[in-house]
2 protein chains.
Amino acid sequence: MDVKALKTFQLIVKHGSFVRAADELNYAQSTVTMQIQKLEAELGTALLTRGKELGLTEAGRLLYEQSLPMLKNMEQLENNLKNLATGESGHVRIGVTEPTASYRLPAMLKAFLSENPGIRVSLEIASTAALADSVAAGRLDFAVCTSPGLQSELFFEPWFQEEFIALLPSDHPLAGREVITAGDLTADRLLITAAGCPYRRKLEMVLQETGNIQLDTMEIGSMTALKYYVESGLGIALVPRIMAERDGISRVEVRALSGTLIGMTSGVLGREAAYPFPPAAHKCLDYLKSRLAQPGKELQ
Amino acid sequence: MDVKALKTFQLIVKHGSFVRAADELNYAQSTVTMQIQKLEAELGTALLTRGKELGLTEAGRLLYEQSLPMLKNMEQLENNLKNLATGESGHVRIGVTEPTASYRLPAMLKAFLSENPGIRVSLEIASTAALADSVAAGRLDFAVCTSPGLQSELFFEPWFQEEFIALLPSDHPLAGREVITAGDLTADRLLITAAGCPYRRKLEMVLQETGNIQLDTMEIGSMTALKYYVESGLGIALVPRIMAERDGISRVEVRALSGTLIGMTSGVLGREAAYPFPPAAHKCLDYLKSRLAQPGKELQ
DNA sequence: TATTTAATTCATTATTGTTGAATTTGATAT
DNA sequence: ATATCAAATTCAACAATAATGAATTAAATA
């Protein structure tokens, strides 16, 4: 059954005339005759009665009624696909690491979604390593995270610097200092995050270079919990600056860090093979980039 | 969107391979490539990702999910139409007059419908004139009735003789007779049916010929009510023999009629223009004919 | 009977779908 | 690296079929 012929048939029935159907479809009227004859031959049944005026056979009635919703569905589907192709609609699957997930993304996504009502977004919040796997496997369109151990199929584009600061108890010996350096970290017990955190890996490397091979550390699973441990005087912690800014920090001193401790580069992780990028995902990525990327950082 | 291409697409996704889709559809594999390329060009979107292994883009997923039920619908519809064409299913619209409607048809239709579970039947029970109109207008496929004033578009094929008999009160002067003739009808008040009944018209003609121009008549709307009027001694009535046979007739005498009073020819009324006849209707007509038609009568 | 309108037929033309051979691509084995 | 293999693509040639206009038929109107 040819879709074109079905459309023609619909119009013939609607107008009760071959000529008018031909007019509307910009066909010669012989074409209309041919299409219907082919349809009738294919189905082995007359569809129209050509008497004094056009009439429908029972088969014609059935075809008319049943093909109408089918054609509508087809149009609808075609439309949905066009919307997908233009990025008007779509499903964007994003991966994000903390603290971007909690502190930066909510407002941005809210704005993006209200600007693009046809687009749905789903979020995976996990470690850079887990996100890299998901991106590589095609479960995510892209991820905002730090640079993973580069797999060949993935690309990473730096967007911004995630700055870290030190949290100290008010009565801590280092509280008098403006800036904390790597060397200072021998002075007290250091509170660190779980093994998955990329900043922790960096910290370990820095401390090794500085010669602080053995250090009194305590592992705390959650970044947000860290400040309460600091407050209790258990030690000092290094956390993203944005956390300290957004969550009211009280009874705890905030100090800047120096040198390589300052921060980590965050950016977007994508899959080379995913091109051409789904338009909705592309739109979303561009939106996030325009709000997250810091000039100069993308060359790093 | 071409249906063939959609089917091809479905198979590619199902098998995850162009070659296997081509095999199953008996296409060259280049054909499969072409069909998908055309589809993608038409929709302005990639549908499949050709990497290490075949994958679906978001548009591909959408198309795959949405086109599946559409193709199923199409097959179903095609099947329904085939059934219609073979007469396995269909809707037969029959007109019938009394007494056939009440006494002959129920058992026949029951058998016919259980032999043809796919066929639906609707019945219009009315006078020959009304049925002739419905047939001419295409509201009925055919009617079982007496011969109407022949309109050129209609054809009538005699099937059987509807025999009439006389009902008399037990104490009636004519009760001693074996057979009632037209001449006997002067003897008493005659109970007759409504103006629409063709037998009544015939009766009027016969009586005119016999010279009984004025006759004491009483018009009773319903045939089945007649016997109660006869029972009460209001007069004699002429009714179809089948009525007397099926409804237990008691306290009323049944007598045969002679000559032209004996009965009326019933048969099938159809529309010339309705050919080719809907197969289900044809099947039903054949079935009824085989049970109703009396040999010899069809030549009348 | 003439006239008009609608549908059909048929031969021609245009379009498109299909194909095989050659080529490219990616994966696997050597 | 290189050879090998399977899968997908490209391309030119071919086949199928869809569309058309002119002529014809059928029915409706004047």
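**The surface near DNA strand C**

Guide: A polar backbone atom of Phe18(A) lies 3.1 Å from a phosphate oxygen of DNA strand C, a polar contact being a pair of N or O atoms within 3.5 Å, where within protein one must be able to donate a hydrogen and the other to accept it, and residues adjacent in sequence count only if both atoms are side-chain atoms. This is a predicted model, in which local features need pLDDT of at least 70 and side-chain atom pairs count only at pLDDT 80 or more, while totals for chains, interfaces and linings use all residues. Residues are numbered from 1 along each chain as its sequence is written, chains are lettered from A and ligands numbered from 1 in the order in which they are written, and side-chain values use heavy atoms, with hydrogens and water left out.

Chain B also reaches the phosphates: a polar side-chain atom of Thr31(B) is 2.7 Å from a phosphate oxygen of DNA strand C, and for an N or O atom in the side chain of Lys4(B) the distance to a phosphate oxygen is 3.5 Å. Two or more residues each come from α2 (18-25) and α3 (29-43) of chain A and from α3 (29-43) of chain B, helices being DSSP runs of H or I with at least four residues, numbered from the N terminus.
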